[in-house]
Each structure stands twice: as C-alpha cells, then as structure tokens.
Amino acid sequence: MIGGLFIYNHKGEVLISRVYRDDIGKGPFPNCFHKVGSTESYRMRNAVDAFRVNVIHARQQVRSPVTNIARTSFFHVKRSNIWLAAVTKQNVNAAMVFEFLYKMCDVMTAYFGKISEENIKNNFVLIYELLDEILDFGYPQNSETGALKTFITQTGIKSQSKEEQSQITSQVTGQIGWRREGIKYRRNELFLDVLESVNLLMSPQGQVLSAHVSGRVVMKSYLSGMPECKFGMNDKIVIDKQGKGGATEEQSIAIDDCTFHQCVRLSKFDAERSISFIPPDGECELMRYRTTKDIILPFRVIPLVREVGRTKLEVKVVIKSNFKPSLLAQKIEVRIPTPLNTSGVQVICMKGKAKYKASENAIVWKIKRMAGMKESQISAEIELLPTNDKKKWARPPISMNFEVPFAPSGLKVRYLKVFEPKLNYSDHDVIKWVRYIGRSGIYETRC
Amino acid sequence: MEWANQLCENRQFGSKMTDSKYFTTTKKGEIFELKAELNSDKKEKKKEAVKKVIASMTVGKDVSALFPDVVNCMQTDNLELKKLVYLYLMNYAKSQPDMAIMAVNTFVKDCEDANPLIRALAVRTMGCIRVDKITEYLCEPLRKCLKDEDPYVRKTAAVCVAKLHDINAQLVEDQGFLDTLKDLISDSNPMVVANAVAALSEIAESHPNSNLLDLNPQSINKLLTALNECTEWGQIFILDCLANYTPRDDRESQSICERVTPRLSHANSAVVLSAVKVLMKFMEMLPKDLDYYSTLLKKLAPPLVTLLSAEPELQYVALRNINLIVQKRPEILKHEMKVFFVKYNDPIYVKLEKLDIMIRLASQANIAQVLAELKEYATEVDVDFVRKAVRAIGRCAIKVEQSAERCVSTLLDLIQTKVNYVVQEAIVVIKDIFRKYPNKYESVIATLCENLDSLDEPEARAAMIWIVGEYAERIDNADELLESFLEGFHDESTQVQLQLLTAIVKLFLKKPTETQELVQQVLSLATQDSDNPDLRDRGYIYWRLLSTDPVAAKEVVLAEKPLISEETDLIEPTLLEELICHIGTLASVYHKPPSAFVEGSRGVMHKRLPARTGSGESTESPDVGTAAGGSAPEAAPSIIPSQGDLLGDLLNLDMAPPTTSGPPPPTTGMQMGGMDLLGGGLDSLVGISHSVDPYLGGDIGGSPAMGAGFGAAPAVMPASLNAPVGGGLGDLFDLGGVGMPMGAYIPPKIVWLPAMKAKGLEISGTFARRAGVIQMELILTNKAMSVMTDFAIQFNRNSFGLAPAGPLQVLTPLGPNQTIEVSLPLSTVGPVMKMDPLNNLQVAVKNNIDVFYFSCQYPISMLFVEDGKMERQVFLATWKDIPNDNESQFQIKDCHLNSDAASSKLQGSNIFTIAKRTVEGQDMLYMSIKLSNGIWVLAELRVQAGNPNYTISLKCRAPEVSQCVFQCYEAVLKN
C-alpha cells in the first residue's frame with residue numbers, strides 16, 4: 001500500500017509530507033545528499049530528496065508517471081505547478097494510487113479551491129486532517145467530499161450530539177456513503193447537463209481516421225430526503241428491447257461503453273440496463289460514456305497547403321458547419337500551425353478575426369458565432385526564412401475548438417424519475433432542467 | 001484562515017518556508033518561543049503554537065526538542081488540536097520512545113470516549129506510533145475497538161491490526177487478533193469487510209505459508225455481496241483479494257465472473273482493472289466452447305478502451321496492462337486498432353506505449369491504416385518516438401508479408417529525409433527485412449550504401465556491415481566499403497568489430513581472389529591486436545576453419561540462416577502468466593515480477609493462472625498452442641512457447657547450453673498454489689533473459705563469442721574442428737554409450753512422435769540414468785523423401801527442471817530411410833513448472849523442415865540420486881515428522897520376488913533399503929529415496945512370504961510425487 005504522500009511546489013520544496021510506513025525511508029538513493037545521522041525523520045528526507053532530484057529537477061522531460069528509484073516507486077501527478085507524489089516499496093495497485101491522487105485533488109479543490117502553493121500553505125492543517133481520514137496506513141478510505149464535509153470542518157470546537165455522531169459514522173462507512181440523511185429543500189429541483197466532447201482525427205483528404213464522442217452526464221440535484229432516481233436515455237439496447245410495440249421514431253444511439261458514479265447500482269445495470277441510484281446532494285458526475293457510431297461531426301475542415309519555392313507557403317482552409325441551420329455554434333477557433341522559421345504572415349478571412357501568433361507558431365482564427373450549414377474560408381501567405389535545417393517541418397495538424405448546443409453523439413435524455421416514498425413530494429413536483437452542450441475535444445485535421 | 005496569513009506575514013517563518021538554507025539550522029530562540037507558547041494558558045495560543053510546530057516539521061526542521069510540551073497539549077476536548085498533537089506524536093515518537101509513553105494514558109482513555117470519532121482517532125493514531133513499549137498498551141484498547149458497536153471504529157481497528165502486525169507480528173498472532181480480523185469478513189458493514197480484507201491480504205502476503213485468507217466458496221460469496229455495497233476503494237481491495245482465489249471448477253469460476261462483470265462499468269479505473277484481472281484469471285478455467293466464454297471476451301474490450309479516455313497517468317497504467325492482455329489474448333482488442341492511434345498532444349510516455357500496442361495488433365486487415373499512421377509519426381519531434389515508429393514500420397514488414405513492399409518504400413522515403421537518426425534506424429530494420437525475405441529487396445542496397453558515411457551508431461554500422469557482407473557478390477566495391485571501416489577498427493564497438501570480422505570472411509569466401517589481403521588483415525587485427533576474448537575467439541575459429549577446410553568454412557559461414565521471429569519483445573510465457581495475475585499493480589506497469597522490485601518476503605510468492613478443469617484435454621492442450629502455426633499467439637493457453645519464441649530459444653540453446661544458466665535454484669518457501677515441491681525455480685527463470693535477441697538471429701548480436709558468425713547451428717560443424725567448441729562434444733564422448741551396468745531400470749523405447757505428425761520424422765525413445773547422469777535416448781528415423789539436417793531440441797518447463805545439458809548431437813544429415821540413435825544428457829537445473837501428470841515432459845524438436853512438438857513421460861526413478869541413503873536416525877525422525885496426511889498406500893500385485901531380491905533390485909534404481917524388520921512372517925523394508933531437487937521420499941514395503949501382493953506406504957513432504965514413485969516401484973519390481 002501507499003507508504004507516504006508528499007506535495008511539492010515547483011521548486012521541489014516539500015509543502016506536505018505524510019509518512020505512513022517506515023520502509024520508504026530506506027534508500028540508498030543515488031544522487032542524494034546523505035545527511036549525517038540516521039534518525040527517522042532524516043531518513044525520510046532521503047525519499048523526499050530522491051524524488052526531487054530524480055524527477056522534479058530531472059533535466060529530461062518526464063518519461064513516465066511512475067519512477068523507480070532504489071526499489072522505491074514514486075507515483076506522481078501534477079496540478080498547475082504543484083507535484084503530488086505517492087511513494088511505496090510494495091507491489092501496490094498502481095491504478096488505485098493514481099485514482100487516489102486524483103481524488104485527493106478533487107477533495108482539496110472542493111475544500112479550498114484551486115490547488116496552488118498559496119492555498120496549500122494556507123490550509124496545511126486541513127490537508128493533514130484530510131489525509132489522516134482518507135488514507136489510513138496507506139489504504140484509501142471513504143473520500144466522498146459530501147461525507148467528509150460533515151465532520152472535517154475546521155471549525156473545531158463544535159461538538160456533535162450523540163445522534164449526529166452516529167449519523168456521521170454510519171454515513172462514512174455505510175452503503176450510501178455519499179449522501180446524508182435529513183436533507184430538506186423547499187423547492188425540489190434538478191439540473192441535468194449532457195456534456196460531450198467530440199474528438200476527430202481526419203486525414204488531409206477528408207477521411208475520418210478516428211472519431212469518438214466522450215460524454216458525461218452531470219447532475220446537480222437539490223432534492224429532499226433519500227430520493228430514488230431512475231434515469232433513461234435513448235440507448236439502443238434499451239430502445240430495441242422495448243421497441244417492438246411503440247413507434248421507434250426516436251433515434252437511438254449505440255453506446256460503446258459507459259461508466260457510472262458509485263451511487264449507481266451496477267449489478268442492476270448489468271442485468272436490466274436500467275440506471276437507478278440515490279444521488280449525492282449537489283453536483284455529481286452520474287455517468288461517462290463513449291460512442292463511435294453515427295457521430296454528428298459539427299465541423300469539417302478542408303486544408304490546402306502549398307509550398308511555393310523554399311521561402312513561401314500558401315495555406316487555404318475552409319470550414320463547413322454541419323448541423324441544423326437554426327442552431328448556432330459558438331466560440332469557434334481554428335488553429336493553423338506555421339513553421340518555426342516563419343518570418344511573416346498575411347491573412348485574409350471572410351468571417352471572424354485571424355491573427356498570426358508568433359509565440360505559438362500558429363495562425364489563430366476566431367469566429368464568435370456560426371449557424372449550421374454555412375461555410376467560411378481563410379487564406380494565408382506565409383513567408384519563410386531560409387534555413388539550413390535539414391529536417392522537414394513536421395506539419396502538425398490543424399486543430400479546432402467550438403461549442404454547439406446539441407449532443408454530437410445523438411444522445412437524448414428520455415426521463416429522470418424521482419421517487420421519495422417517505423416524503424410527500426412526487427415526481428411531478430420536481431422541477432427538472434436538461435441542457436446539451438457539445439464541445440470539441442481533440443478535433444484535428446492533418447494537412 | 002487568518003492564522004496562516006499571519007504566519008506568512010511573519011517574515012521569520014515565511015522566509016523559512018521558501019529558503020532551504022534555514023532548514024538545517026534551528027535558531028534556539030525560536031524553539032524557546034514556541035515552548036513558551038505551548039505552555040500558555042490560552043487555548044487558542046496553544047493551538048497556534050502547535051500549528052507552527054507542525055509547519056516546521058513539514059519543512060524538515062527538527063522540532064523534537066518540544067516533545068514534552070506538545071504532548072502536554074494532548075489532553076483537550078478540542079478535536080482539531082488533538083489531531084495536531086497526534087500528528088506530531090506519529091512523527092517523533094520513535095525518536096523519543098520513553099517520552100512517548102507519557103501519551104499512552106490519554107490514548108487508552110480516548111479509546112473509551114463516548115464519541116466514536118475520537119475512539120477511532122485514538123486507535124488509528126496509536127497504531128501509527130511505532131514504539132515497542134506502546135504496542136503492549138495498544139492490545140487491550142484494540143481488542144475492544146475491533147468489537148466496537150460503531151462500524152467506523154471497527155473499520156479503523158481492522159486497519160490497526162495490519163499496523164500492529166507490521167511492528168510486531170508475533171504479538172498479533174499471540175493475541176488472537178488474526179482470528180478477530182477473520183471474523184470481521186462476515187461483518188454487516190461493507191466498509192469493515194473491505195478494510196478487514198485489505199489488512200488480511202497484506203498480512204497474508206508476508207506469510208506465504210499461512211492459510212490466513214482462507215478463501216472458500218462461502219467466504220467468496222460474502223465478499224461478492226460486500227462488493228456491491230462498499231466504497232470504490234473497498235471494491236478494489238475485495239477484487240484484488242478475489243484474484244488470489246482459485247475456483248474449484250469451471251462452474252464456480254463462471255458464477256464469480258458473472259458477479260464481477262458489472263464492475264467493468266465503474267467510474268474508477270482501478271476498480272475496472274482489478275475486475276479485468278479477476279476475469280482474465282478465471283477465464284482460464286472456462287471451456288472455450290462455452291457461449292459464456294465468448295460473451296465474456298466481448299465484454300472485456302469496451303472497458304479497456306474506455307480506460308484510454310482517463311487522465312494520462314492512468315492511461316499509461318492501462319496501456320502497460322493492455323500490452324500484457326494483448327499478448328495473452330490478442331482476440332479481445334483485435335478490432336480496436338484505431339483507439340491506439342497516437343494523438344498529437346499525448347504525453348510521450350503514452351505515445352510510446354500506444355505504439356507498442358499498435359505493432360502488436362497489426363495484421364493484414366489493418367496494415368494500410370497502421371502504416372499511414374506510422375509514417376506520420378516518423379516525422380514527429382521526439383527522437384525516441386520517431387525511432388520507435390521507424391522500427392515499427394520494419395516490424396510491420398516482417399509481420400505482414402503483404403505489406404513488406406510498401407514498408408520498404410516507406411523506409412526508403414524516410415532515408416531520403418537524411419535525418420540522421422531516422423536513416424540509422426531505417427537501416428537497422430531494413431537489415432531485418434533482408435533476413436526475412438532474402439533476395440527480394442536487394443535493389444535498395446545502392447541507396448543504403450550512399451548513407452554509409454552518416455552512420456555513427458554502432459547498431460546501424462553493424463547492420464550496414466552485415467548487409468555489405470551478406471550481399472558482397474552484388475556490391476561491386478564491397479571490399480572498398482569494408483576496408484574503409486577497417487581503418488578505425490580498434491575504435492569501433494565490439495558489436496561492429498564482430499560484424500566486420502564476419503562480413504570480411506563472408507566476402508573472402510565469395511570473392512577469394514581479390515580479398516585475401518583484407519581477410520588476413522582483419523584476422524590479425526582480431527586475434528593479435530585485440531583484448532576482447534569474444535572477438536579473438538571468433539577470429540581464431542575463422543582462421544582455423546579457413547586454413548583447414550575452406551569447403552567446410554563455406555558451409556558454416558555461408559549457411560542458410562534460421563528464420564527470424566515475427567514478434568519481438570514478447571514476454572516470456574511464464575512471466576506473462578504471472579503478470580496477468582498482477583494486472584493493475586506496479587508489477588504490470590514495470591512488466592517485472594514483484595520479486596524484482598519488492599524487498600523481503602513479500603515478493604517471493606509467485607502467482608499463477610489456474611489450470612483449466614473439466615474436460616480431459618489437459619494432455620492435448622499444448623497442441624492447441626501450436627496448431628495455429630504461424631499465427632502462434634492466437635490460441636491462448638500456449639504452454640509451449642509460440643513458434644517464434646521457440647526458434648529464438650533454440651538459437652539461444654546452441655550458444656549457451658542450459659547447464660551454464662546457473663546453479664540449481666534454491667528451494668524457496670512454500671508457494672500458495674501447492675507448488676511447494678517445485679521450489680523457486682521461477683526466480684531464476686526470470687533472471688535468464690535471452691542472451692541473444694532472437695530477432696537478430698545471432699548474426700549481429702554482440703554478445704556470445706561463437707555461434708553467431710556461423711549463422712547455422714553448431715550441429716553442422718565438421719568434426720575436424722574440435723578446438724574451441726563448448727563442452728558438449730566432450731561430454732558426449734565421456735558419457736554416451738559407455739553406460740555403467742548398474743542395473744537401473746530402463747523402460748523400453750516407445751514411439752513419441754509418429755512420422756505422420758512430423759512431416760516424416762519419427763522419434764522414439766526412452767530415459768535412462770547412467771553413472772548419475774540422466775539421459776534421453778532417442779531414435780530418429782527419417783521416413784520422408786528429403787534429407788533432414790539442423791536438428792535441435794528444446795524442452796518446455798517441467799516439474800523437475802529437466803533440460804538438455806548440451807545440444808542434440810546429430811552430426812551428419814539424416815538421409816531418407818536412415819535411422820540414428822542419439823543420447824542426450826540432461827540436467828535438472830532448467831526452469832521449473834508443475835506439470836500434470838507430474839512426470840510429463842513437453843519437447844520440441846527442430847530440423848530444417850519445421851519445429852515439432854510432442855510430450856512424453858519419464859519414469860521418476862531417473863531422478864533418484866545416488867546419495868539417497870538416509871541415516872537410520874534421520875529416517876526415523878523424518879518419518880515421524882511428516883504428517884500422516886501425507887502418507888499414501890499402494891498395492892503391488894503379482895510380484896514374486898523375496899524381500900532381499902526386491903531390495904537389491906530396487907537398489908539398482910537408487911532406492912535404498914535402510915532397515916529390515918520381520919514381524920510375524922512379514923518382512924518390513926524401510927527405504928529412502930532422494931529426488932534430484934532434494935525432495936526425500938520415505939517408504940515402507942511389506943512383503944509377506946508366499947503372498948505375491950506387496951503393500952507399500954510412501955511418506956513425503958510433497959505428497960504429489962507419491963503416485964509417480966509408486967509407479968516406479970511397480971515398474972522396477974516387475975522387470
């Protein structure tokens with residue numbers, strides 16, 4: 001299991017250090033300054049230093065998120081310029097360690113916002129308290145923020161009543177560890193966001209090399225009591241099962257794979273493909289899914305690059321929007337890479353604004369809004385400096401960003417039913433909101 | 001957090017946070033100040049002071065001097081302050097054990113607090129204070145907490161047992177905590193169950209022998225129920241624990257799989273990977289024709305693909321695991337090539353792993369797409385990635401014959417870019433393509449030669465030299481080219497030197513008239529001016545070969561080369577099986593067994609995939625692996641390594657007979673799956689990496705001295721050349737045929753491999769033990785129409801580590817209808833794997849036509865060693881010491897020998913009679929046997945005068961061998 005957890009700033013200074021097991025201090029670590037004396041704390045410093053010297057200060061780019069130094073394994077993730085490192089000497093479950101580190105980041109963000117050196121220093125007592133709770137002897141424990149916030153509060157003195165105490169402990173250890181009892185709202189309301197990111201890799205000839213949508217259903221709920229919810233969408237398997245009788249005018253989609261928040265009863269999904277759960281209060285990511293079939297690609301990019309001699313490039317890029325004319329895409333940005341030896345660029349575009357950004361080696365073309373079934377064009381002349389560099393320019397792909405008000409996968413929410421048998425509100429009393437947002441993921445066209 | 005802001009404004013403190021220079025020097029004044037604050041009456045001030053202390057501790061300052069003052073703050077009803085003090089205690093208790101005792105009282109009191117959060121906090125912290133004296137006081141509170149009414153306390157106490165075990169294992173056992181912990185597996189609260197499982201699993205790992213996690217269908221059922229209810233982390237603990245269980249039969253295996261499959265939809269990747277591990281493992285037991293089996297296979301692909309949309313670090317873990325899964329069961333992901341296409345902004349570690357998997361999945365169906373991708377990658381920025389992409393193009397050419405031409409032209413395009421490292425990499429792979437498809441693409445040689453000057457890496461230089469030597473007759477100025485390399489001969493790396501030597505000898509044999517001077521020059525450079533023994537030896541061999549028999553030299557040096565394998569970097573099958581059992585863990589990320597990076601007893605345990613049960617096809621199963629022929633890894637349970645691998649092994653065997661692979665492995669501790677009698681052979685197995693990259697076919701490999709340059713196996717070496725050849729020949733003359741008449745029982749020869757199955761090669765044979773040496777006696781008959789040459793033999797891992805002690809000595813080609821008798825000395829230091837039946841041996845024989853596989857059984861008496869006579873006293877003690885459960889009784893019927901005759905007959909086979917007793921007309925013979933791996937078998941043979949039925953009782957610590965030993969008795973006594 002995890003032997004210790006360290007948080008470093010970008011210089012490699014330790015901000016948080018929590019050691020769970022002694023074994024991780026035993027080096028000998030190469031390249032590490034060995035302090036005289038071998039008291040516990042000094043030996044621990046060796047592991048701490050080993051990571052700093054070998055990873056944070058390494059000259060080379062990081063080649064692996066797992067590093068083994070002197071039979072000690074270091075797992076790290078980076079959030080802005082903060083390094084989180086978990087250390088172990090055992091054959092731990094590596095996937096679990098990374099999942100835990102991400103979770104740790106989520107919990108910290110939920111408590112004090114952005115993970116920055118400033119925030120960590122300001123909250124280090126809280127972080128120690130959290131670490132004590134969510135990682136015991138290196139075993140991850142309940143790390144749902146909803147549950148943690150009931151008893152790790154930093155307000156200190158407040159002493160709970162006996163009932164409150166047992167409510168806390170049963171919630172932390174219980175089956176529904178993510179929701180506490182006795183939540184009350186005057187207005188029962190829920191918001192469903194279907195957030196999709198559509199990914200595309202297209203060849204210069206317009207052939208789809210790979211395309212997939214990875215989507216998330218995010219639910220924000222303000223519901224009283226312990227509501228039992230059931231979520232339905234136009235999943236092909238479900239529709240086909242029921243389909244025979246009713247008219248199947250509804251378009252169904254084939255979902256390649258989906259994963260669920262831990263509140264969803266997986267065995268029920270496996271058996272009946274129904275999604276039922278008791279949601280955590282507030283926001284949660286109910287489901288993630290992936291589709292690859294019949295994706296609506298909102299934009300098509302048609303590049304044309306021509307090398308005119310050795311010192312000039314002519315680039316023409318056409319974008320075509322491919323969705324209902326009544327809908328509007330927003331925040332459109334096309335990024336056309338330019339060679340490193342670019343000396344000047346002239347751009348002409350029909351719509352939006354285009355600029356050559358020398359620092360990013362790209363022409364960035366921005367369009368605020370664009371309706372469906374439209375077309376727009378940019379052409380640019382790129383002047384090049386002659387170089388001796390033998391290596392050809394790698395021609396990175398043209399990438400695109402946008403946001404559209406529909407789900408490119410075709411997913412539709414059919415229902416979200418709420419049952420709360422103990423309280424006197426019914427499914428009809430709940431106010432429900434559904435919103436679809438499709439964003440570009442990695443949306444690239446090679447040129 | 002107004003307090004912290006104050007701290008940061010406090011210049012003294014703030015500067016320490018950022019300036020490492022102050023870390024080691026502690027100003028006396030500051031400690032003094034803190035001391036005063038800690039002893040303040042005001043609660044708030046106290047708390048602030050403790051916070052400051054903790055801050056100093058974090059940045060590495062030594063604040064241990066404040067120990068008593070901090071401990072004094074412990075008695076408080078302020079939970080936050082308490083936690084801070086505890087944190088301090090955990091850090092410094094070990095350096096101040098005596099003072100830490102001061103804290104004990106408070107802990108004990110807190111363990112009885114009315115608030116469950118405080119009870120849990122106390123027991124949690126106490127476990128973290130690693131001071132022996134304190135642990136004694138911990139026992140009573142811990143016992144109470146394990147039975148606490150509040151699940152939060154119980155789940156914390158469960159982990160505390162693991163902590164205590166880490167400090168003092170004996171104490172935990174003596175106090176009976178392990179039993180309490182086991183009871184917690186049936187707890188009503190899922191989180192308590194999960195923590196108990198985690199704690200027990202870890203404790204069990206350091207006690208490989210103990211039966212701590214007594215997994216049986218009932219407890220498994222409990223775990224599966226808890227699985228649906230506990231937190232994501234708990235699910236991981238439980239799944240990882242389930243993976244250690246071996247179901248009794250395929251039905252149980254299926255029902256567990258059914259209940260684990262829903263976990264594949266969990267949002268937590270670690271839950272998914274652990275579920276995949278359980279499924280991959282238990283799937284082994286399912287019959288392949290089962291509908292459920294194929295359903296399960298289909299269910300595995302989507303979640304694996306989904307893992308690739310996780311954060312990059314997890315993607316990396318997932319990809320390393322997918323790499324293993326693809327090797328084990330390529331069918332799962334064979335249609336998912338596209339998801340492994342590299343994205344422009346993937347981190348480099350993800351890119352490299354994706355590329356690896358792309359090559360593994362490349363097939364005729366998707367090769368066009370793959371090649372187009374690889375060509376893109378070859379123009380990227382990262383040097384390692386580009387190199388790997390170029391290499392991958394070469395792999396595609398070798399793997400998919402239809403694509404070879406396109407690959408070659410792609411490589412030529414890349415060479416035109418003149419990017420130095422791209423050119424070098426391309427030349428290395430083109431050499432391999434030449435090897436695979438001789439006389440097909442030689443037209444490109446001219447282009448390659450143009451780039452000769454730009455090559456500065458040894459591997460590329462060696463590859464180019466090999467090409468020049470190999471095609472010397474087509475390159476007009478081959479002699480000039482090679483001569484140009486000779487100038488700086490001593491500055492070259494060994495790899496290049498060896499290659500240059502071989503290439504010039506090849507050139508000489510092809511164009512003797514023009515190059516005599518050159519060859520003499522290189523031979524003298526290699527033999528006289530070099531300090532490298534490999535180079536010198538190879539030089540001498542060539543020299544002698546050329547001077548004694550140029551015809552033979554031609555046969556040897558220009559012999560046809562063995563094929564190169566299609567797959568590279570395949571993980572050795574035993575290791576792969578072990579790694580599959582470790583899916584999701586570090587071992588699967590490193591692709592190394594845990595013993596390679598974990599210290600102490602934890603790494604010793606080797607995990608293995610369960611064997612298929614049910615239908616009686618166990619003996620046939622090896623054929624499944626090989627029947628598929630070229631597309632070897634298709635059929636998964638290949639006990640015999642896939643063909644490509646085997647070829648590599650055979651080559652390997654020619655150069656370094658297995659006898660050199662090290663001393664017999666020490667018998668390490670018992671293994672979980674009843675592998676105890678086999679010892680830790682796997683350990684050494686992992687150590688023996690292929691000394692020569694099978695892919696290079698030894699031609700370029702810079703390592704071992706001989707063999708490489710010969711191209712073909714030493715088997716075709718003319719007998720006149722006996723100087724530097726390894727011990728193989730000598731051994732044979734010493735041992736072969738001489739055979740001491742010891743009277744050991746030798747079973748009659750039987751046909752092992754009928755000619756029908758082996759393209760005309762018939763093999764029959766038997767095993768014998770002569771003068772302490774185990775021999776395999778083979779009769780090879782060629783019933784085909786063509787001549788057979790290039791024989792070589794290789795064994796699969798087997799129960800007793802039998803391995804050929806030298807190459808198969810078939811010196812002359814075997815003509816049609818010819819028969820040859822060969823005896824092959826065997827050693828028992830080869831890799832070990834338990835076989836069923838125990839004495840089963842799987843053999844691969846190679847000749848110029850193909851590789852053939854068969855399996856045979858050897859009499860275990862072969863393994864009875866000469867010093868198997870036990871002292872009487874020792875015998876008595878041992879007999880008593882072995883539990884009665886290990887005793888087995890057999891009847892030998894229709895044996896008409898008296899006890900003395902039987903005794904002497906048995907002695908011939910190294911079964912020694914130690915004592916004889918006669919009770920009521922019944923002779924009792926006590927005998928001992930020692931097996932080559934050090935296992936003792938004790939026997940009691942009862943012979944009643946006039947009764948032709950003997951009774952034999954066998955006692956052994958490894959009762960598995962009893963059946964085989966009994967068979968030997970029967971065979972020896974009746975022949």
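Author: What follows is a close look at the salt bridges, taken one pair at a time. The model is a predicted one, and a search of the whole structure finds 72 salt bridges over all chains.

In chain A, Arg335(A) forms a salt bridge with Glu360(A), and the closest N and O atoms of this pair are 2.6 Å apart. The two partners belong to distant parts of the chain, 25 residues apart, since Arg335(A) is in strand 16 (residues 328-337) while Glu360(A) is in the loop between strand 18 (353-357) and strand 19 (362-371). Arg335(A) is partly exposed, at a relative accessible area of 27%, and Glu360(A) is likewise partly exposed, at 38%.

In chain B, the side chains of Arg769(B) and Glu866(B) meet in a salt bridge at 3.0 Å, N to O. Arg769(B) lies in strand 2 (residues 761-770) and Glu866(B) in the loop between strand 8 (851-857) and helix 38 (872-881), so the pair ties together parts that are 97 residues apart in sequence. Arg769(B) is buried, with a relative accessible area of 13%, whereas Glu866(B) is partly exposed, with 37%.

A further pair in chain B joins Asp432(B) and Lys431(B), whose side chains meet in a salt bridge of 3.1 Å, N to O. Asp432(B) is buried, with a relative accessible area of 3%, and Lys431(B) also counts as buried, at 3% relative accessibility.

Beyond these pairs, Glu284(B), Lys328(B), Arg329(B), Glu331(B) and Glu577(B) are linked in a network of salt bridges.

Methods
Residues numbered from 1 in each chain as written. Chains lettered and ligands numbered in written order. Predicted model: local features only at pLDDT ≥ 70, side-chain atom pairs only at ≥ 80, totals over all residues. Heavy atoms only, no water. Salt bridge = Lys/Arg side-chain N within 4 Å of Asp/Glu carboxyl O. Helix = DSSP H or I, 4+ residues; strand = E, 2+ residues; numbered from the N terminus. Buried < 20%, exposed > 50% of the residue type's maximum accessible area, 1.4 Å probe, protein only.
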